[in-house]
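I open this notebook to record what I looked up in the structure shown below.

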Amino acid sequence: MEFRREMKSMELLSPLAGFERELKWVEYREDPLTACQSRINVARVGRERQAQVGVDLTGVIEGTRGDCLFCPHNIEQRTPRFPPELYPQGRIKRGECLVFPNLFPFAQYHAVGTLTREHFLDLDEFTPEMLVDNIMASRDFIALVHQRDQGAKWPMWIWNHLPPSAASIIHPHVQILVDEAPSPELSRLLRRSEEYFAARGRNYWQDLVEEERELGQRYIAENDSLAVLASYAPRGNREVQLIFKGLSNLADLGEGQAMDFATSVVKILRCYKGMGVNSFNLITYSAPSGERLDYYWLSARMISRPFFQPFYTNDTGFMERFHDIWVIETLPEDVAAQLRKGF
Ligand SMILES: [Zn+2]
């Protein structure tokens, strides 16, 4: 496994008195599996953002509460139900979680699952139980879809929190998508993992965990079922990977492993809050339902997004949207060092 990196410097004249020569450093990195590119400049975190002002969010939270479709006073009346042939009870219930169809889908099977009855929770207010209830209800949806339609075997479980992450509703919720084909990025992960296995007879994800454990710099925590690492070549700031040992797809996720995952996510959320984060994305890369792959382990990735406030500078620009290069302002080794304290 090769962790490719290159430091490139650029000399410029400082605008400060005397126009001293100043060196700016950018680190170019490639993901060891996919060769996907990131460029890291930690100095960017301190750059001026002219339209950004700190503000109290109470107004936004209270202003959206009354009309919220996902709050207990509306959810039963105003959210759709699954057709009886998929799920006769209409919506999947577990604890505080309710899973129901997405009114504005962009996948063949696209559901929404609430995480809590509360309209808003801060990052340190989520509990592992809320997450486990949601993940298990989501897994049931994924399994029901696959039972009814054998072609629908590519599931995703996604949590976008607050508008900077592209969530359109403040109320905490996840999306569950099941498609007939993998996304291009997932195809790439599977293909490269299979090639790695063919060449070395070993599972890339297992090797990654072992190598990162040995190196220590990006290693955060692990137990028998889950490993937590800061990504070497991130696609977002403060990127964390959660790798499910010995499990390749979401449909086969058991309660114990789900609890380990939920507990780790809750710890990361608390650390994120301590770092001044309030918005994030959490996504999964699952192998197909009904297939157990030796060469592939299920993983999830979390990234922080810009702080939710009326005006903020987006963290996704032309390099990400048009050139597939991720410009990053947090050093993975620093992220790991900070998160380790929360585990
Ligand atoms: Zn609500």
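Are W157 and F261 buried or exposed? I find that both are buried (under 20% relative accessible area; exposed is over 50%, and partly exposed is in between, with a 1.4 Å probe and protein chains only).

Basis. I note that this is a predicted model, in which local features need pLDDT of at least 70, side-chain atom pairs count only at pLDDT 80 or more, and totals for chains, interfaces and linings use all residues. Residues are numbered from 1 along each chain as its sequence is written, and side-chain values use heavy atoms, with hydrogens and water left out.

Aromatic pairs. I counted 10 aromatic pairs (rings of Phe, Tyr and Trp, the last by its six-membered ring, with centres within 6.5 Å; planes under 30 degrees apart are stacked, over 60 edge-to-face, the rest tilted). The pair of W157 and F261 is edge-to-face, because the ring centres are 6.0 Å apart and the planes stand at 75°. I also looked up W159 and F280, which form an edge-to-face pair with 4.9 Å between centres and 75° between planes. W159 is buried at 0% relative accessibility, and F280 likewise has a relative accessible area of 0%.

Clusters and cores. I see Y196, Y204, W205 and Y296 linked into a cluster by ring pairs. The largest nonpolar core has 59 residues, and F141, W159 and F261 have the most contacts inside it (such a core joins buried Ala, Val, Leu, Ile, Met, Phe, Trp, Tyr and Cys residues through side-chain atoms within 4.5 Å). Apart from this core lies another of 24 residues, including F3 and W205.
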